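Welcome, and please open the structure in your viewer.

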Amino acid sequence: MVYRKTKIEGWFELQRTVCPICGKTGGCMIHKDGNKIACIRERSDIQFGKNSCQSWLHHLKDGVKVNVSDKVATTKSRKKFPVHLLHGFFSKLVNDSTTLLTTPHIHHLNGERQLSDNTIAKRQYRSFPQQPWVTAKNVLGKFEERLSDQNLTVGIPGFYMNNYGWTINGQSGILIPYRNEYNFITGFQIRVDEVKNFVETDQINYPNLKAYVKQQPNHVQIQVNGQKYWEGVLELGKRKTIADENGEILGTVKLAKGQRYYWLSSPNKKYGTVAGDPVPIHVAIPSKQLEEWNKTLEADLKNPDTDSYTTLRKAKSVWITEGALKADIAIDHIVEAFADTIDEVGDTMIAAPGINSWRSLLPMLKNMGVKRVNLAFDMDAIENEHVNQYFHDMVKELKSQGYEVYVAAWSLKNGKGIDDILLNGYTPQLRKL
Ligand SMILES: [Zn+2]
């Protein structure tokens with residue numbers, strides 16, 4: 001599927017096809033009339049979607065035809081339940097025997113991530129179930145019937161109904177819980193076991209050429225006007241122009257690496273629900289403090305009189321990075337590496353869903369009473385031109401709102417992410433901006 005419905009009426013995200021403005025894949029949107037692009041990488045004078053994901057409006061001079069299938073245009077995805085109700089379902093999911101971590105997943109967390117069994121248990125990492133329909137039945141229990149009401153507009157990300165009943169969308173991998181500032185589990189990312197390659201095409205300029213990976217990792221079939229045109233092995237990451245015998249260009253293809261992390265999500269499926277809107281943000285605290293936080297939450301949830309939760313994590317200083325697993329690992333090492341100055345630098349790490357959606361963090365920072373932020377994004381990401389623009393925008397806005405802004409810096413040769421350098425025994429330098 002090339003066009004993915006977004007929450008903005010009439011706008012579709014370009015998937016697996018290059019954006020005509022920035023030439024990159026993923027995140028940019030096209031209007032159904034085919035005359036406007038909202039690009040997340042190339043700037044213009046008109047800012048678009050200011051509140052969540054940052055993008056800029058561009059006009060397509062000649063316009064293109066956008067073929068949105070009826071299925072995509074009409075399937076209405078549900079919105080998420082309110083967070084306290086979602087937490088109820090997701091707690092059942094992590095406590096269900098069908099999601100216990102498999103041995104290979106434990107090995108990954110023990111080995112590469114250097115997490116102890118004790119920490120793994122506290123963080124409640126799980127494995128995507130082998131029989132998701134069994135898990136769905138266990139989690140939904142008596143709510144199964146109510147959730148099957150076709151007029152219901154809210155649901156649980158990942159859950160949907162197929163011909164046999166309720167099940168969960170996803171593939172084999174580690175489930176990583178996202179906890180908000182109240183310790184509610186508001187979503188999961190799946191770290192998939194197998195990263196699948198896919199073929200990028202240019203549907204905007206060459207809608208007749210389609211291509212797919214026939215066999216992983218690199219055996220590709222190219223079709224023109226629905227007919228097989230070429231089949232063979234493509235080199236990863238190299239864009240290739242396809243032309244016919246007269247030299248007329250039929251389109252371009254590029255074999256690209258798939259993602260390692262996906263949201264647990266079930267949009268465009270029967271009674272399915274999007275993971276975002278708003279996108280989950282993870283609050284990582286040291287694993288030693290997590291047990292206490294869980295106990296407070298349990299007590300809060302048992303008390304029917306409370307409408308304000310005492311579990312709100314207040315923090316004068318927070319760290320900000322991308323990715324929950326990274327944040328979980330890093331914060332446990334930060335409390336050791338910065339033991340002498342921990343009150344100053346803070347023992348809370350917020351995992352943003354992506355550096356371009358930094359604005360979604362602002363309400364949380366306010367709610368938590370934050371005064372200082374330490375930005376700890378991957379070093380190679382900061383060096384990327386487009387990401388660097390977001391970074392500068394974020395710093396500017398945070399400063400203008402009165403936050404003290406520090407950047408955590410390290411040498412790329414000592415590690416890519418904040419978790420890597422800490423695991424490798426290095427301490428990042430904090431520089432005030
Ligand atoms: Zn773009």
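**Stop one: the zinc site**

Select the zinc ion: its protein donors are Cys 19 (SG), Cys 22 (SG), Cys 28 (SG) and Cys 39 (SG), which lie 2.2 to 2.4 Å from it. Donors are N, O and S atoms within 2.8 Å of the metal (3.2 Å for Na, K and Ca), and water is not among the atoms, so sites may look incomplete. This is a predicted model, where local features need pLDDT of at least 70 and side-chain atom pairs count only at pLDDT 80 or more, while totals for chains, interfaces and linings use all residues. Residues are numbered from 1 along each chain as its sequence is written, and side-chain values use heavy atoms, leaving out hydrogens and water.

Along the sequence, the donor residues follow the spacing C-x2-C-x5-C-x10-C. Cys 22 sits in the loop between strand 2 (11-14) and strand 3 (29-31), and Cys 39 in strand 4 (residues 36-39), so this pair ties together parts 17 residues apart in sequence. Strands (E, at least two residues) and helices (H or I, at least four) are DSSP runs, numbered from the N terminus. Cys 22 and Cys 39 are both buried, meaning under 20% relative accessible area with a 1.4 Å probe, protein chains only.

**Stop two: Val 66**

Now select Val 66, in the loop between strand 6 (55-59) and helix 1 (70-74). Val 66 counts as buried because its relative accessibility is 11%. Leaving aside residues up to four places away in sequence, Val 66 touches Tyr 3, Ile 30, His 31, Lys 32 and Gly 34; contact means heavy atoms within 4.5 Å.

Technical notes:
Buried means under 20% relative accessible area, exposed over 50%, partly exposed in between (1.4 Å probe, protein chains only).
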